[in-house]
Amino acid sequence: MSDTDTDTETETKAEAEAEVYDASMQVKELRESFASGKTRCYKWRVSQLESLLKLSVVHEEDICDALRSDLSKPVMEAIIHEIALLKNSCKLALKELRRWMTPEKVKTSITTFPSSAAIVPEPLGVVLIISAWNYPFLLSLDPVVGAIAAGNAVVLKPSEISPATSSLMAKLLGKYLDTSAIKVIEGATSETSALLEQKWDKIFYTGSGRVGRIVMAAAAKHLTPVVLELGGKSPVVVDTQINLQVACRRIIAGKWGCNNGQACIAPDYIITTKEFAPKLVETLKQELERFYGKNPMETKDLSRIVNANHFARLSKLLDDDKVSGKIVHGGERDKAKLQITPTLLLDVPRDSLIMTEEIFGPLLPILTVDKVEDSFEVVNSGTKPLAAYLFTNNKRLKDQFVACISAGGVAINDTTLHLTVSTLPFGGVGDSGMGSYHGKFSFDAFSHKKAVLYRSFAGDAPMRYPPYTKGKLRILKALLGGDIWGLIRALFGWS
């Protein structure tokens with residue numbers, strides 16, 4: 001090894017140590033801030049949520065510009081899918097916060113009589129939120145809403161793959177929020193690694209399963225609980241006797257209308273019957289042309305592929321020998337502009353590359369089965385998806401789908417909209433993630449539900465104390481077993 005190599009290695013090691021030290025100091029400052037008690041205060045929580053809401057209103061244009069820079073995201077998608085959803089989260093938290101913070105009174109039993117009990121929500125402490133690049137504004141700040149509402153100190157690590165949005169959030173959060181308790185740390189792998197070496201009270205991660213495993217392994221060293229919002233291959237099962245035009249429009253809106261397929265709950269593949277497939281394909285083609293024109297490369301209503309690496313990954317899926325001849329619509333690519341047109345593939349083999357990994361892009365394979373019920377076996381043969389969709393008018397099929405398909409969430413006769421319902425938890429199961437958030441579920445995700453029992457000095461029961469006797473044992477067995485007559489017999493000494 002040369003002296004130059006040694007010097008470079010020393011510099012790299014020194015930089016890594018500096019990053020770890022910086023992360024350690026940041027966490028130390030946040031712990032001091034949390035220990036002061038200010039983040040627990042209702043007024044502080046409200047002030048931060050109001051500031052976050054104000055930020056999203058005042059800087060709507062700046063946010064849209066950043067999303068356009070990172071993803072060529074259409075303004076309508078930026079506003080409706082990111083900014084509006086964050087505003088709704090802030091408004092709901094502000095409206096419900098006092099109720100969420102109120103201890104929940106619960107019943108007690110005869111074994112603790114006289115007493116009362118409550119479940120008291122308390123903040124976990126200092127939490128780390130690592131967000132994703134595909135919805136970089138919403139997926140960064142929506143969990144922050146829950147963390148603030150629950151009374152925590154927060155570090156947000158935005159994705160470096162969406163640098164314009166990351167930089168904007170660092171600037172705006174530094175301006176609008178209390179930086180002694182809420183910090184944004186930008187950077188790439190080394191900064192994230194340094195953060196993961198610290199002890200946190202919870203880690204909330206949104207992204208791929210590969211990195212999710214790294215996050216979970218790092219958290220395990222400190223017994224830190226995690227929420228992992230991952231992804232998977234979300235299926236769409238299409239029955240025959242339906243309004244096909246509406247179904248196709250809703251599939252397109254959930255696929256290409258959600259960041260050009262770069263969304264964790266976007267439809268990943270379709271299953272329908274062999275007989276119905278031609279009609280489905282034809283209707284999808286017609287609606288795609290209606291939405292994006294004869295030349296989708298020219299439309300302003302589709303996001304681009306985020307970067308060259310993801311473009312190459314998607315191109316590899318299309319170039320696979322098993323599927324390259326299965327394209328029935330689209331498939332055009334422009335490497336310089338990072339664009340791939342909406343692409344339909346029919347009858348792709350289940351062992352092809354495109355069917356063995358999450359697509360996360362504008363490609364939509366269509367599988368065919370003899371009868372629609374056969375689709376359940378196809379879905380259940382893979383890992384559990386983040387979402388599953390069914391289009392049908394058959395009530396029995398709806399009930400069977402909900403009962404038999406395990407997924408993070410299910411939508412019947414639509415796609416992706418369950419995400420917008422604040423009274424529903426959003427999260428995965430199995431390989432698609434663990435934990436959930438949205439609405440009160442976000443508050444709960446960053447809270448500990450503390451069990452509290454209140455007693456006075458009255459009603460002390462001598463039978464719980466030594467010396468132990470058979471009489472005391474009979475009384476306690478009857479008491480704990482809820483046996484009223486046994487308790488009466490024990491008290492009167494009857495056998």
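In which hand does α3 pass α4, left or right? Good morning, everyone; let me start there. This is a predicted model, and α3 passes α4 in a right-handed crossing. Helix α3 covers residues 60-71 and helix α4 covers residues 75-101. Their axes come within 10 Å of each other and cross at roughly 125 degrees, which makes α3 oblique to α4.

Who makes that contact? From α3 we have Glu 60, Ile 63, Cys 64, Leu 67 and Arg 68. Facing them from α4 are Val 75, Ala 78, Ile 79, Glu 82, Ile 83 and Lys 87. Sorted by class, the contact of α3 with α4 holds seven nonpolar residues, four charged ones and no polar ones.

The model has seven aromatic pairs, and one of them joins Trp 100 to Phe 443. The ring centres are 5.6 Å apart and the planes stand at 45 degrees, so this pair is tilted. Trp 100 lies in α4, while Phe 443 belongs to helix α14, residues 440-445. The pair therefore ties together parts that are 343 residues apart in sequence.

Helix α2 runs over residues 42-58 and helix α5 over residues 138-149. Their axes are 9 Å apart, and the packing angle is about 160 degrees, so the two are roughly antiparallel to each other. Here α2 passes α5 in a left-handed crossing. On the α2 side, Trp 44, Arg 45, Gln 48, Leu 49 and Leu 52 take part; they meet Leu 141, Val 144, Val 145, Ile 148 and Ala 149 of α5. That contact divides into eight nonpolar residues, one polar and one charged.

Which strands stand at the edges of the three-stranded one? The sheet is open, with the order β1-β2-β20 and antiparallel pairing. The edges are β1 (104-106) and β20 (447-455); each has a single partner strand, so one side of each is left without a neighbour in the sheet. From one strand to the next, the twist averages 30 degrees. Three bridges join β1 to β2, residues 115-123, and you can find Val 106 opposite Ala 117 of β2.

While you are looking there, check the loop between β1 and β2, where Pro 114 sits. The peptide bond joining Phe 113 and Pro 114 is cis, with omega about -5 degrees. Another cis bond joins Pro 466 and Pro 467, with omega about 0 degrees; Pro 467 is in the loop between β20 and α15 (470-481).

The next sheet is open too, with six strands in the order β5-β4-β3-β6-β7-β18 and mixed pairing. Its edge strands are β5 (182-184) and β18 (433-434), each pairing on one side only. Strand β4, residues 153-157, pairs with β5 in the parallel sense over three bridges, and the bridge partner of Val 154 is Ile 182 in β5. Helix α7, residues 189-196, lies across β3 (126-130), β4 and β6 (202-206), running at about 150 degrees to β3.

Most residues other than glycine have a negative phi. Asn 259 has a positive phi, near 60 degrees.

Definitions and conventions: Residues are numbered from 1 along each chain as its sequence is written. This is a predicted model: local features need pLDDT of at least 70, side-chain atom pairs count only at pLDDT 80 or more; totals for chains, interfaces and linings use all residues. Side-chain values use heavy atoms; hydrogens and water are left out. Axes are lines fitted to C-alpha atoms, for helices over the stretch in contact, and angles run from 0 to 180 degrees between N-to-C directions. Helices (H or I, at least four residues) and strands (E, at least two) are DSSP runs, numbered from the N terminus. Angles under 35 degrees count as roughly parallel, over 145 as roughly antiparallel, 65 to 115 as roughly perpendicular and the rest as oblique. A crossing is left-handed if the near helix is turned anticlockwise from the far one by less than a right angle, and right-handed if clockwise. Contact means heavy atoms within 4.5 Å. Ala, Val, Leu, Ile, Met, Phe, Trp, Tyr, Cys and Pro count as nonpolar, Asp, Glu, Lys and Arg as charged, and the others, Gly among them, as polar. Two strands pair if DSSP finds at least two bridges between them. Rings of Phe, Tyr and Trp (its six-membered ring) pair if their centres lie within 6.5 Å; planes under 30 degrees apart count as stacked, over 60 as edge-to-face and the rest as tilted.
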